[in-house]
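Please open the model in your viewer and keep the selection panel at hand. The tour goes from one selection to the next and says what is found at each stop.

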Amino acid sequence: MNVLLLGSGGREHALAWALSASPLLTKLFCAPGNAGIAEVAQCIPLDPANQDSIIEFCRDERIELVVIGPEAPLVAGLGDALGDAGIRYFGPTKSAAQLEGSKGFTKDLCRKAGIPTAAYGRFMDLDAAKTYLASQSVPIVIKADGLAAGKGVVIAETRADAEAAVEACLGGAFGAAGAEVVIEEFLVGEEASFFALCDGVTALPLASAQDHKRVGDGDTGPNTGGMGAYSPAPVMTAAMTERVMTEIINPTVKEMAARGMPFKGVLFAGLMITATGPKLIEYNVRFGDPETQVLMMRLKSDLLAALLATTDGVLKTFDMRWSDDAALTVVMAANGYPGTPQKGTEIKGLDLAKAVPNVEIFHAGTRRDGDRIIADGGRVLNVTGRGKTVKDARDAAYAAIAKIDWPGGFYRKDIGWRALERQKT
Ligand code: AMP
């Protein structure tokens with residue numbers, strides 16, 4: 001079958017890489033893609049925000065499945081538009097995508113379904129928000145309700161900072177996404193990323209992963225989209241996975257179905273593993289980036305078959321197999337990221353890096369200029385290693401990075417440190 005993948009990041013390169021290995025695939029297209037994706041798919045210059053042009057392309061090229069990578073087109077209702085046009089797609093409808101599109105929606109759903117999460121209040125009125133703040137302790141977390149490209153969360157250490165964050169949010173710092181603010185209890189514990197395919201009724205967990213959100217070594221500096229990830233995550237034991245499924249994922253799937261908005265696609269739970277058990281920090285309604293890069297390195301099953309089983313509602317009879325190997329990815333970002341990344345610098349040595357055994361290089365923000373590969377985004381490359389242990393996977397990834405000649409970029413030197421410390425003990 002012909003498949004259209006939407007997106008242009010490292011997540012999409014990893015998905016394209018896995019989809020291209022499927023015996024069910026005839027031809028893979030990607031819109032808009034990047035220089036790495038172009039090696040496994042035909043890239044087409046379409047904007048996922050332009051629903052009409054996507055539908056027209058699907059009709060012209062007889063696309064039988066559209067895989068929607070990023071959240072923005074999902075929250076904007078691309079799934080519904082494709083469904084109305086009779087085109088099969090992987091991802092939730094607009095109403096189900098509220099799980100990511102509105103933090104307040106998700107918090108209310110958690111309250112209703114008894115799902116463990118941070119205590120919270122949601123406000124559109126500044127005075128009401130300030131009155132609530134006055135009754136809370138610090139640190140406290142201030143979040144814009146809507147999609148704010150990962151920038152809408154402030155962890156305030158003082159009450160003054162918290163008030164300033166609430167004022168900024170309700171004052172329009174995030175546009176319409178910040179018209180409502182969620183004020184949340186600060187959770188303490190270890191974070192983990194949890195993914196489950198959901199067909200509206202059944203949820204099937206994927207392998208576990210953990211990412212590093214801060215820009216600097218030792219988990220310091222500003223938050224980013226993610227500077228690296230590894231799988232499996234030692235904190236997600238079989239018993240913890242079981243708890244997350246029974247206490248968080250399954251009640252969510254059930255409640256969404258009961259509300260007439262069944263969730264189909266991949267549910268990505270950001271978790272805090274606290275002293276009393278797992279708590280939901282937030283939901284995303286698409287694959288994680290860079291977690292997908294390590295998951296795809298470990299996936300032994302046919303990804304396309306799994307996505308079809310999800311959209312067709314037959315996950316109950318589906319099983320996924322994972323390699324026992326570990327995988328670890330290191331993000332190489334352009335100098336200046338996460339502020340203003342410097343674009344247009346040349347990256348050399350990729351062929352040498354790719355030749356390192358047990359390594360795949362997924363492109364996140366690149367373009368080709370003749371024979372040259374040019375940095376074209378904040379996060380630019382995901383150098384991904386596989387090995388018997390997290391340490392072996394890490395050694396493979398960093399051996400490949402040593403071959404890459406790119407003065408215009410930087411990376412963290414300590415990806416996987418938590419897992420490595422646990423292995424030592
Ligand atoms: P989010 O966009 O909701 O995932 O938040 C971004 C990051 O902020 C998370 O990955 C956490 O590191 C942190 N965070 C968000 N909410 C909380 C919370 N209630 N307690 C502690 N940390 C949080």
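This is a predicted model: local features need pLDDT of at least 70, side-chain atom pairs count only at pLDDT 80 or more; totals for chains, interfaces and linings use all residues.

A disulfide is a covalent bond between the sulfur atoms of two cysteines.

**The ligand and its shell**

Select the ligand and display the residues around it: 15 residues surround the ligand, and the closest are Glu184, Glu185, Leu187, Glu191 and Glu282. By class, this shell is made up of eight nonpolar and seven charged residues, with no polar ones. If you colour by secondary structure, look for strand 7 (140-144), strand 8 (153-156), strand 9 (181-185) and strand 17 (277-284), each of which supplies at least two residues of the shell.

At glutamate 191, a polar side-chain atom lies 2.4 Å from an oxygen atom of the ligand. At leucine 187 it is the backbone that takes part, with one of its polar atoms 2.8 Å from a nitrogen atom of the ligand. At lysine 103, an N or O atom of the side chain is 3.5 Å from an oxygen atom of the ligand. Taken alone, the ligand exposes 470 Å², and the protein buries 90% of that.

**A covered helix**

Now select residues 291-298, which form helix 10 and are mostly covered, since eight of the eight residues are buried. Stepping along helix 10, you will pass Glu291, Thr292, Gln293, Val294, Leu295, Met296, Met297 and Arg298, and these are the buried residues in question.

**Aromatic pairs**

The structure holds six aromatic pairs, and two of them are shown here. For one of them, select tryptophan 17 and phenylalanine 362, whose ring centres are 5.4 Å apart and whose planes meet at 70 degrees, so the pair is edge-to-face. Tryptophan 17 belongs to helix 1 (residues 10-19) and phenylalanine 362 to strand 20 (residues 359-363), so the pair ties together parts that are 345 residues apart in sequence. Is tryptophan 17 buried or partly exposed? Tryptophan 17 is partly exposed, at a relative accessible area of 22%, while phenylalanine 362, at 1% relative accessibility, counts as buried.

For another pair, select phenylalanine 195 and phenylalanine 268, which form a tilted arrangement with 4.4 Å from centre to centre and 35 degrees between the planes. This pair, too, links distant parts of the chain, with phenylalanine 195 in strand 10 (residues 190-199) and phenylalanine 268 in strand 16 (residues 264-274), 73 residues apart. Phenylalanine 195 is buried, with a relative accessible area of 0%, and phenylalanine 268 counts as buried at 6%.

**Backbone details in the loops**

Most residues other than glycine have a negative phi, and most peptide bonds are trans. The remaining stops concern backbone geometry of the other kind.

Select serine 231 and proline 232, where the peptide bond from the serine to the proline is cis, with omega near 0 degrees; proline 232 sits in the loop between strand 15 (228-231) and helix 9 (238-258). Then go to tyrosine 337 and proline 338, which are joined by a cis peptide bond with omega near 5 degrees, proline 338 being placed in the loop between strand 18 (326-334) and strand 19 (346-347).

Arginine 62, which is not a glycine, has a positive phi of about 50 degrees. Arginine 62 is found in the loop between helix 2 (51-60) and strand 4 (63-68) and is exposed, with a relative accessible area of 66%. Finish at asparagine 358, another non-glycine residue, which has a positive phi of about 65 degrees; asparagine 358 lies in the loop between helix 12 (350-354) and strand 20, and is partly exposed at a relative accessible area of 46%.

Key. Residues are numbered from 1 along each chain as its sequence is written. Side-chain values use heavy atoms; hydrogens and water are left out. A residue is near a molecule or strand if one of its heavy atoms lies within 4 Å of it. A polar contact is a pair of N or O atoms within 3.5 Å; within protein, one must be able to donate a hydrogen and the other to accept it, and residues adjacent in sequence count only if both atoms are side-chain atoms. Accessible areas come from the Shrake-Rupley method with a 1.4 Å probe; for residues, only the protein chains shown count as cover. Helices (H or I, at least four residues) and strands (E, at least two) are DSSP runs, numbered from the N terminus. Ala, Val, Leu, Ile, Met, Phe, Trp, Tyr, Cys and Pro count as nonpolar, Asp, Glu, Lys and Arg as charged, and the others, Gly among them, as polar. Buried means under 20% relative accessible area, exposed over 50%, partly exposed in between (1.4 Å probe, protein chains only). Rings of Phe, Tyr and Trp (its six-membered ring) pair if their centres lie within 6.5 Å; planes under 30 degrees apart count as stacked, over 60 as edge-to-face and the rest as tilted.
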